[in-house]
Amino acid sequence: MIDPFKITEPTCISFSGGRTSAYMLWRVLQSNGGKLPDEAIVCFQNTGKEREESLAFVRDCSKNWDVPITWLEFEDSKTKFKVVDFQSASRNGEPFEALIRKRKYLPNPLVRFCTVELKVRTGHRYLKSIGWTEWDSMLGIRADEQRRLAKIGNQDYGKHEEKIAPLGRAGITKEDVSQFWRQQSFDLMLPNINGETPWGNCDLCFLKNTSKVASLIAQEPNRALWWARMETIATPSKPSGFYFRTDRPSYASMLQYNKDQAKLFDPNEQEISCFCGD
């Protein structure tokens with residue numbers, strides 16, 4: 001079997017900031033003499049809504065494995081991108097907000113222009129700026145993500161790019177990824193629940209189910225403020241463009257519900273003495 005992690009032609013390794021794509025990068029290094037091949041580049045596109053733990057993880061992978069990672073952000077300028085680093089990367093959704101203000105409506109499950117513009121096209125613009133004309137895009141999609149594997153062949157962002165999923169070809173599952181990180185000296189400092197990270201990468205992504213979003217808001221209410229504010233600045237040029245989702249309450253409503261629930265209980269209620277722990 002040909003090693004799917006062996007690189008012999010221009011390849012962009014897409015690093016999302018999560019454990020799976022980081023494991024993919026490690027496998028690439030192992031298959032290419034312990035270092036990043038000259039034909040390859042690692043790109044991390046920051047939307048400004050990644051959690052701080054994710055940003056630190058990208059930095060730590062670069063430092064621990066001695067591999068250069070190019071940090072990119074969408075910018076509403078002539079080039080439509082800028083190069084940043086861990087220190088200068090946006091933390092308050094600035095690239096995402098700039099895109100929403102430019103489009104004048106919000107992305108939604110059917111029109112996910114956030115992924116296309118903030119991630120895919122931002123990376124493409126950078127690669128073209130350094131002279132690349134054709135390349136492979138290496139995506140961190142596992143063998144147990146069959147729906148995502150099936151989709152990559154149907155996504156067409158230009159003839160200059162061919163998408164490849166070496167983890168899928170190698171039969172790697174979320175259990176394999178989890179086992180790998182349990183054995184490492186560093187890790188993404190976000191919960192790993194059954195091989196998944198509900199907190200990341202995009203902190204309250206509208207694609208998360210309602211129960212998960214509500215749970216995350218309950219744990220950290222301030223995270224909802226940016227999303228609620230975006231729903232107030234949109235002046236949609238498309239139907240239903242005021243909201244990220246029309247099939248559930250707005251972020252402002254979920255945030256208010258969380259506040260109302262907290263008011264049901266008196267924080268100053270007197271406790272009753274118990275001898276169980278004495």
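Start by selecting serine 88, which sits in the loop between S4 and H3; helices (H or I, at least four residues) and strands (E, at least two) are DSSP runs, numbered from the N terminus. This is a predicted model, in which local features need pLDDT of at least 70 and side-chain atom pairs count only at pLDDT 80 or more, while totals for chains, interfaces and linings use all residues. Residues are numbered from 1 along each chain as its sequence is written, and side-chain values use heavy atoms, with hydrogens and water left out.

**Stop 1: serine 88**

Serine 88 counts as partly exposed because its relative accessibility is 45%; buried means under 20% relative accessible area, exposed over 50%, and partly exposed in between (1.4 Å probe, protein chains only).

**Stop 2: the whole chain**

Zoom out for a moment. The protein has 10 helices and six strands, and 47% of its 278 residues count as buried. Take the contacts (heavy atoms within 4.5 Å) between residues at least 6 apart in sequence: 69% of them join residues at least 24 apart.

**Stop 3: the cores**

In soluble globular proteins, nonpolar side chains tend to be buried together. A nonpolar core here is a set of buried Ala, Val, Leu, Ile, Met, Phe, Trp, Tyr and Cys residues joined through side-chain atoms within 4.5 Å. Which residues have the most contacts inside the largest nonpolar core? Select Ile13, Phe15, Leu25, Trp65, Trp71 and Trp181, out of 35 residues in that core. Helix H1 (19-31), strand S2 (40-45), helix H2 (52-65) and helix H7 (174-182) each supply at least two residues of this core.

Centre on tryptophan 181 next. Beyond its neighbours within four places in sequence, tryptophan 181 is in contact with Arg19, Ala22, Tyr23, Phe57, Cys61, Trp65, Phe186 and Asp187. For a second, separate core, of 26 residues, select Leu106, Leu118, Leu204 and Ala228, which are among its members.

**Stop 4**

Show helix H3 (residues 94-103) and colour its buried residues: Pro95, Phe96, Glu97, Leu99 and Ile100. What do they pack against? Their partners are strand S3 (70-74), helix H4 (113-129) and helix H9 (223-233).

Step past the helix to lysine 104, in the loop between H3 and H4. Lysine 104 is not a glycine, yet has a positive phi of about 70°. Lysine 104 is partly exposed, because its relative accessible area is 44%. Lysine 80 also has a positive phi of about 70° without being a glycine; look for lysine 80 in the loop between S3 and strand S4 (81-84). With 21% relative accessibility, lysine 80 counts as partly exposed.

**Stop 5**

Return to the loop between H3 and H4 and pick asparagine 108. Is asparagine 108 buried or exposed? Asparagine 108 is buried, because its relative accessible area is 17%. A polar atom of its side chain lies 2.8 Å from the backbone nitrogen of leucine 110. Not counting residues up to four places away in sequence, asparagine 108 touches Phe206 and Phe244.

Then select leucine 207, in the loop between H7 and helix H8 (210-219). Leucine 207 counts as partly exposed, at 39% relative accessibility. Apart from neighbours within four places in sequence, leucine 207 is in contact with Pro109, Arg112 and Arg245. The C-alpha atoms of leucine 207 and phenylalanine 244 are 9.0 Å apart, and the two residues are 37 apart in sequence.

**Stop 4: threonine 11**

Threonine 11 belongs to strand S1 (residues 11-14). It counts as buried because its relative accessibility is 3%. A polar atom of the threonine 11 side chain lies 2.8 Å from the backbone oxygen of glutamate 9. Setting aside neighbours within four places in sequence, threonine 11 is in contact with Glu39, Ala40, Ile41, Trp132, Asp136 and Met138.

Definitions and conventions:
Polar contact = N/O pair within 3.5 Å; in protein donor to acceptor, adjacent residues only side chain to side chain.
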